[in-house]
Amino acid sequence: METFDALLQGLVVAAQPGNLLFALIGVLLGTAVGVLPGIGPALTVALLLPVTYKLDPAGSLIMFAGIYYGGMYGGSTTAILINTPGESASMATALEGYRMARAGRGAQALATAAIGSFVAGTIATVGLTFLAPWLVDLAVQMGPEDYFALMCVAFVTVSATFGDSPVRGLTSLFVGLTIGLIGIDKLTGQARLTFGMPELLDGIDVTTLAVGLFAIGEALYVASTRIHAQDTVESVRGSLWMSAEDWARSWKAWIRGAFIGFPIGALPAGGAEIPTFLSYSVERKLSKHPEQFGHGAIEGVAGPEAANNASAAGTLVPLLTLGLPTSATAAMMLAGFQQYGLNPGPLLFAEQPQLVWGLIASLYIANVMLLVLNLPLVGLWVRLLAIPQPWLYAGILVFATMGTIVAKASVTELGILTLFGLMGYLMRRFDYPIAPVVVGLILGPIAETQLRRALSISLGDPMVLVTSPVSATLLGLAAIALIAPFVMKGLDRFKAAED
Amino acid sequence: MQIKTKPDIPGMLVAAGLLALAGLIWWDTTRLAQRVVYGVGPDAAPKVVAIGLALLAVANFAMALRGALPARKRDDWRPLVFIVGGMLALMAILSFGGGYILATAVLFTATAAAFGRRAIVADFIIGLVVGVVTYLLFAKLLTLSLPVGPLESLI
């Protein structure tokens, strides 16, 4: 019952006109960036961080969550109509969705994606609502050594376990950890890796890194590989409604997708690609019409799209209850909390229940808004794809640099931004994943603090890491997750997500 | 993805870079003073990261030697010059007091050119409009501070 009371309190916060407006702006922006190629929700939150620090924390966080959810909806539109997934989580949707669009059933594909996202998003948000308080109770009892071990699990799963290549994933992670070392050591006040540059004493801003890697790196990469051709957009023709058969074939897939997506998203495994492809193969196996797979089977859109949204909600579970981001977007949302001096975790639930529960309640509202916006307005979103590529990327770079100028108007900071842009370009060119760098920068310093806290409590005895049962178990899991991909090359087909 | 069989020179450069970074971090820790009674000092985490990077340098080198790197698309370096040049121009204009709008317009034009546009004047005008609109929105409406130059003082 406590949870219901808390959620009701949260609904009161979320239903305030100002917060409703933020949620609306969030879902609109999120859908737009989901549709547009080249920008994902992680970059959008990164771009908005500097311009929102003067706003109300609850409102901006509600907006960020709306962007995250909206991005998941928007990505499906692009995947279905032009076969270019706006974000990697929509790759599975494109498989059947684009074929449905080619066959003149684009409207039904979009409808099952939107309704499925709504159903699964709502189921997963219910899951978040009830799982979060329980995890918070658990998290309160965790010591610093347990947190450190948990972060080790996140480091490994985000970089090595599900990536294309564990070595490349870990390389990205360690580059991120290195960047996280720059600046003043919080415990002893000594400067590390600053090389006498006063600008580096405060450390590297996570927004500068994310904007450089995602916006400028992506622009450099796309420009240099000359992927210039405008894509052809499949038009939406014929009946706009799903037939009774479409409904009958979709609803089970939605629910299965939700139950595949949510737990995988909630585990510190990172990315929505695993659940979406898993859902795709499950639907293919269970379908009464397996012969239609590869020719536009509606279950193949309904399931992955549901799994996609459910995993986005799942990612918020470790983020809110443990302060543990497992995707690039979640990492940027953590940076959003930190910009207001808030640290997600059990303490935040105790100290700022209005804010946390307002955020959770707003997710229900955002889902309804997205359903209403997406079904009738799909034609409008498609028109965004008509923006010529040069202007689109020029606009992205203008916003990218503006964010940095607003945050720190210094030439040094813009220089760092450009360097990260070049790094992002080289990483794309040589096929190193981007997300582990961001997670490494944001989690590295936290992990170090927890480890040093644990060791100073234990008077320097490192055995504390294995004598605590939670920590020992988690470190064991991390070790297995690190070794497994080298042993089983079969995991190769699940590739790490960028957003 | 195709697998190349020849040893990969850029891959080896990546490995060398990682090793150099590891050495740099290790060297940096030698300057740190130990002021901790219990537990680990400020040099522990950098050392762990340095060792990790060194190991990864070896692993990357091994991959490059076997040529086990995904095939890369051939790419064109000229767009890079345009975009990086645009960023440098932006920094130069801002540091000489040219203001946000002008700097933005130059960056906009350079990026559009990197993507194959050749209508410099038209793009510059669009860039100015984008600059004015974002300036009004963020500096006036959201009261954020953006660098002021001659154009901004007219608004």
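**Exercise 1. In which hand does H4(B) pass H5(B), and how are the two helices placed against each other?**

Solution. In this predicted model, H4(B) passes H5(B) in a right-handed crossing. The next step is the geometry: the axes of H4(B) and H5(B) lie 7 Å apart, and the two helices pack at an angle of about 135°. Angles from 65 to 115 degrees count as roughly perpendicular and those over 145 as roughly antiparallel, with the rest, apart from those under 35, being oblique; H4(B) and H5(B) are therefore oblique to each other.

**Exercise 2. Which residues make the contact of H4(B) with H5(B), and how do they divide by class?**

Solution. Begin with H4(B), whose side of the contact is made by B:Tyr100, B:Ile101, B:Thr104, B:Ala105, B:Phe108, B:Thr109, B:Ala112 and B:Ala113. From H5(B) come, among others, B:Ile120, B:Asp123, B:Phe124, B:Gly127, B:Gly131 and B:Tyr135. Sorted by class, this contact of H4(B) with H5(B) has 13 nonpolar, four polar and one charged residues.

**Exercise 3. How many residues of chain B are in contact with chain A, and which helices of chain B supply them?**

Solution. The count comes to 55 residues of chain B in contact with 47 residues of chain A. On the side of chain B that touches chain A, at least two residues each are supplied by helix H1 (9–29), helix H2 (44–66), helix H3 (78–95), H4 and helix H5 (120–141) of chain B. By class, that side of chain B has 40 nonpolar, eight polar and seven charged residues. For the complex, the predictor gives an ipTM of 0.91 and a pTM of 0.87.

**Exercise 4. Which element of chain B has the lowest mean pLDDT, and which the highest?**

Solution. For chain B as a whole, the mean pLDDT is 86, and 87% of its residues reach 70 or more. Among its elements, the lowest mean, 84, belongs to helix H6 (residues 150–154) of chain B, and the highest, 94, to helix H4 (residues 100–114) of chain B.

Terms used: Residues are numbered from 1 along each chain as its sequence is written. Chains are lettered from A and ligands numbered from 1 in the order in which they are written. This is a predicted model: local features need pLDDT of at least 70, side-chain atom pairs count only at pLDDT 80 or more; totals for chains, interfaces and linings use all residues. pLDDT is the predictor's confidence in each residue, from 0 to 100. Helices (H or I, at least four residues) and strands (E, at least two) are DSSP runs, numbered from the N terminus. Two residues are in contact if their C-beta atoms, placed from the backbone, lie within 7 Å. Ala, Val, Leu, Ile, Met, Phe, Trp, Tyr, Cys and Pro count as nonpolar, Asp, Glu, Lys and Arg as charged, and the others, Gly among them, as polar. Axes are lines fitted to C-alpha atoms, for helices over the stretch in contact, and angles run from 0 to 180 degrees between N-to-C directions. A crossing is left-handed if the near helix is turned anticlockwise from the far one by less than a right angle, and right-handed if clockwise.
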